[in-house]
Amino acid sequence: HRQRNRKQAVDSSQRDTVLVLAAAILSGCCCDRFISSDSRELRMRRAFSTQARDTVRALIIGPPGGGKGTIAGRIVKEFHMATLGSGDMIRSQIQSKTNVGRQVEALVNAGQLVPDDIMVKLVLAELDNFKNKSLLLDGFPRTVGQAEVLDTSFPVNFVLNIDVPFETIVERLKDRWYHKPSGRIYNTLFNPPKVPGIDDITGEKLEIREDDQPHVVRARLQRYLQSTAPLIDYYKKKGVIHTFSGTETNKIYPHVQAFLRSQPGLQK
């Protein structure tokens, strides 16, 4: 008799648990009390479900000085994508002399990467503005840790990997000039300003960046290799990375262009 009562109590408890779970599922409530945690795959599916139809989320990566910024500019113009560049955000913070700007200014001048926690705060705060737009991320994520954070809320559809030999970059950067207030980049060999030494838009003087000196460039490229090689492997495993190799931006871009024209969701 006592065993029968205990069995009935257990059955009653199980029925109550099932009913509560069913009510939670039907109402769309969180069931974390009963299910310890979602799998990463489930979180990513939920993140993709927030993406507006007929939009694309893309990432472009490549070594500093490899022409990535020039290619990104052409993509944004031709395919009507919004862009979010971590470099532009950092420069804005430095020019505005914010707390973050003061923290990273010395790192940037020395050619070092900005710490993950600062980059994550900067970029994730901006992503809500792009949920209904096709977006090209440029300069973030740069590490696997940053990519994992991004995947939980804003996973990308594909990654464009611009692959340029490092020695080509060292030679190329000797001919690079930039407009400090805007961050616009010029190169006297393949993307020259209309008037030598003058910004096309403002008419202000161009400068050579301190971190374009050969010894600084080589140090930056080595750090890029150490941090980004694992990132490339991370996206390879996901099957979303597409690599475009070459030594000249004008020869690489047509291949990038052909790939993008084959992608649904992009305005051609």
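**Notebook: charged pairs and nonpolar cores**

I began with arginine 220 and found its side chain in a salt bridge with that of aspartate 211, at 3.8 Å from N to O. The model I am reading is a predicted one. Arginine 220 has 15% relative accessibility and counts as buried, because the cut-off for buried is under 20%.

I then looked up arginine 209. Arginine 209 also forms a salt bridge with aspartate 211, and the closest N and O atoms are 3.0 Å apart. Arginine 209 is buried at 15% relative accessible area, and aspartate 211 is buried at 8%. Shared partners join Arg209, Asp211 and Arg220 into one network of salt bridges.

Next I checked glutamate 171, which pairs with lysine 174 in a salt bridge with the closest N and O atoms 3.0 Å apart. I noted 10 salt bridges as the count.

I turned to the nonpolar residues. The largest nonpolar core has 30 residues, and Leu84, Leu127, Leu135, Leu137, Leu150, Val159 and Tyr235 touch the most other members. Elements that each supply at least two residues of this core include strand 1 (57–61), strand 3 (135–138) and helix 9 (214–238). Helix 6 gives the most, with six residues.

I looked up leucine 135 separately. Leaving aside neighbours within four places in sequence, its contacts include Val56, Met81, Leu84, Leu127, Phe130 and Phe154.

Last, I noted a second, separate core of 25 residues, with Ala72, Leu160, Ile162 and Leu221 among them.

Terms used:
Residues numbered from 1 in each chain as written. Predicted model: local features only at pLDDT ≥ 70, side-chain atom pairs only at ≥ 80, totals over all residues. Heavy atoms only, no water. Core = buried A, V, L, I, M, F, W, Y, C linked by side-chain atoms within 4.5 Å. Buried < 20%, exposed > 50% of the residue type's maximum accessible area, 1.4 Å probe, protein only. Helix = DSSP H or I, 4+ residues; strand = E, 2+ residues; numbered from the N terminus. Contact = heavy atoms within 4.5 Å. Salt bridge = Lys/Arg side-chain N within 4 Å of Asp/Glu carboxyl O.
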